[in-house]
Amino acid sequence: MTDHPIQGLMKTAMENIKEMVDVNTIVGDPVETPDGSVIMPISKVGFGFAAGGS
């Protein structure tokens, strides 16, 4: 059985999205508190993706 034409498109799209989205992406400058602690704002990313064909 041959691969469905959309299979390659989906694989490429998911690989590119995976490279662009990193759960540990820093989204701001570190903030140092008076007691010496450092707060680093990070992002938490979630996404959905769907496709279909016939």
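Predicted model: local features only at pLDDT ≥ 70, side-chain atom pairs only at ≥ 80, totals over all residues.
Reader: Before we count anything, what makes a run a helix or a strand here?
Author: Both are DSSP runs, numbered from the N terminus. A strand (E) takes at least two residues.

Reader: How many salt bridges does a search of the whole structure find, and which residues form a salt bridge?
Author: The search turns up 1 salt bridge.

Reader: Where do E15 and K11 lie?
Author: They sit 4 residues apart, which is about one turn of the helix. Both belong to residues 5-20, that is, helix α1.

Reader: Is K11 buried or exposed?
Author: Exposed means over 50% relative accessible area. K11 has 53%, while E15, at 42%, is partly exposed. With its 53%, K11 therefore counts as exposed.

Reader: What share of the residues in the protein is buried?
Author: Buried calls for under 20% relative accessible area. The protein has 54 residues, and the buried share is 4%.

Reader: Which residues make the nonpolar surface patch?
Author: The patch covers about 290 Å². One of its members, I42, lies in the segment after β2 (38-39). Together, the patch is made by V38, M40 and I42.

Terms used
Residues numbered from 1 in each chain as written. Heavy atoms only, no water. Buried < 20%, exposed > 50% of the residue type's maximum accessible area, 1.4 Å probe, protein only. Patch = residues over 30% accessible without salt bridge, like charges linked within 9 Å, V, L, I, M, F, W, Y side chains within 5 Å. Areas by Shrake-Rupley, 256 points an atom, 1.4 Å probe, with all protein chains shown as cover. Salt bridge = Lys/Arg side-chain N within 4 Å of Asp/Glu carboxyl O.
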